[in-house]
Amino acid sequence: MIRSSLLIAFLTFSIFASAQTKVGTIDTDYILSQMPQMEAVNKGLETYDKELQQDFQANVKQYDTLVKTYQANAESLAAEARQESESKIIELENQIKQFRQRAQLMMQMRRNELTNPLYKKIDAAMRAVIDEEGFTQILHAGGNSIAFSAEEYDITEKVMNKMGIEIPVAAEEE
């Protein structure tokens with residue numbers, strides 16, 4: 001009877017011990033900022049921003065030209081021609097407004113496009129650390145979602161080491 005009770009207690013303890021979770025944290029934004037590839041991403045974003053600015057400036061210049069032409073010739077234009085010029089000006093004005101609204105979205109889409117391969121590398125390294133160290137949950141530490149996390153469970157630097165990213169000296173001292 002005592003033997004059975006001990007066996008049941010041991011099995012119960014074993015089940016609870018194996019069912020424990022190991023939770024870690026990671027700051028993917030910090031890792032991303034330390035990746036050497038981010039320099040190329042930032043240059044790509046700057047180039048794309050310049051292209052968008054050039055397109056925007058071309059539309060504004062065309063708009064200014066249309067308005068000046070209209071103002072100079074408005075009195076001499078026939079009613080139909082005047083209405084056609086006004087329609088072109090309004091249409092171009094609307095295109096400029098829409099372009100301004102879309103430009104920010106377009107920049108975010110380009111950023112996502114350029115950083116997606118980097119996030120995939122981070123994910124692969126994170127999964128390797130998870131497998132090696134037996135984590136059951138990883139929480140993102142960069143946002144407002146964590147109130148407290150012991151430093152020993154932060155796998156950010158382990159993932160960076162796995163990816164071959166040098167950890168800045170200031171970060172190591174903290």
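Analyst: Helices are DSSP runs of H or I with at least four residues, numbered from the N terminus. In that numbering, Thr156 lies in helix H5. Please note that this is a predicted model.

User: Is Thr156 buried or exposed?
Analyst: Thr156 is buried, as its relative accessible area is 4%, and buried means under 20%.

User: Which residues does Thr156 touch, leaving aside those up to four places away in sequence?
Analyst: Thr156 touches Thr25, Ile26, Asp27, Tyr30 and Ile31. Of these, Thr25 lies in strand E1.

User: And Thr25, buried or exposed?
Analyst: Thr25 is buried as well, with a relative accessible area of 3%. The C-alpha atom of Thr25 is 5.6 Å from that of Ala141, although the two residues are 116 apart along the chain.

User: Let us step back. How many helices and strands does the protein have?
Analyst: There are six helices and two strands. Their order from the N terminus is α-β-α-α-α-β-α-α.

User: What share of the residues is buried?
Analyst: Of the 174 residues in the protein, 21% are buried. As for contacts with a separation of 6 or more, 81% of them are between residues 24 or more positions apart.

User: Now to H4. How many residues does it have, and what span does it reach?
Analyst: H4 has 55 residues and spans 78 Å from first C-alpha to last, which is close to the expected 81 Å.

User: Where does H4 bend?
Analyst: The bend is at Thr115 and comes to about 40°. A proline, Pro117, follows within four residues. Just after H4, Gly134 has a positive phi of about 70°.

User: How do the axes of H3 and H4 cross?
Analyst: The axes of H3 (residues 38-73) and H4 (residues 79-133) come within 10 Å and cross at roughly 180°. H3 is therefore roughly antiparallel to H4, since angles over 145 degrees count as such.

User: Which classes of residue form that contact of H3 with H4?
Analyst: The contact has 20 nonpolar residues, along with nine charged and six polar ones.

Note on methods:
Residues are numbered from 1 along each chain as its sequence is written. This is a predicted model: local features need pLDDT of at least 70, side-chain atom pairs count only at pLDDT 80 or more; totals for chains, interfaces and linings use all residues. Side-chain values use heavy atoms; hydrogens and water are left out. Axes are lines fitted to C-alpha atoms, for helices over the stretch in contact, and angles run from 0 to 180 degrees between N-to-C directions. Angles under 35 degrees count as roughly parallel, over 145 as roughly antiparallel, 65 to 115 as roughly perpendicular and the rest as oblique. Ala, Val, Leu, Ile, Met, Phe, Trp, Tyr, Cys and Pro count as nonpolar, Asp, Glu, Lys and Arg as charged, and the others, Gly among them, as polar. The expected span of a helix is 1.5 Å times one less than its number of residues. The bend at a residue is the angle between axes fitted to the seven residues ending there and the seven starting there. Buried means under 20% relative accessible area, exposed over 50%, partly exposed in between (1.4 Å probe, protein chains only). Contact means heavy atoms within 4.5 Å.
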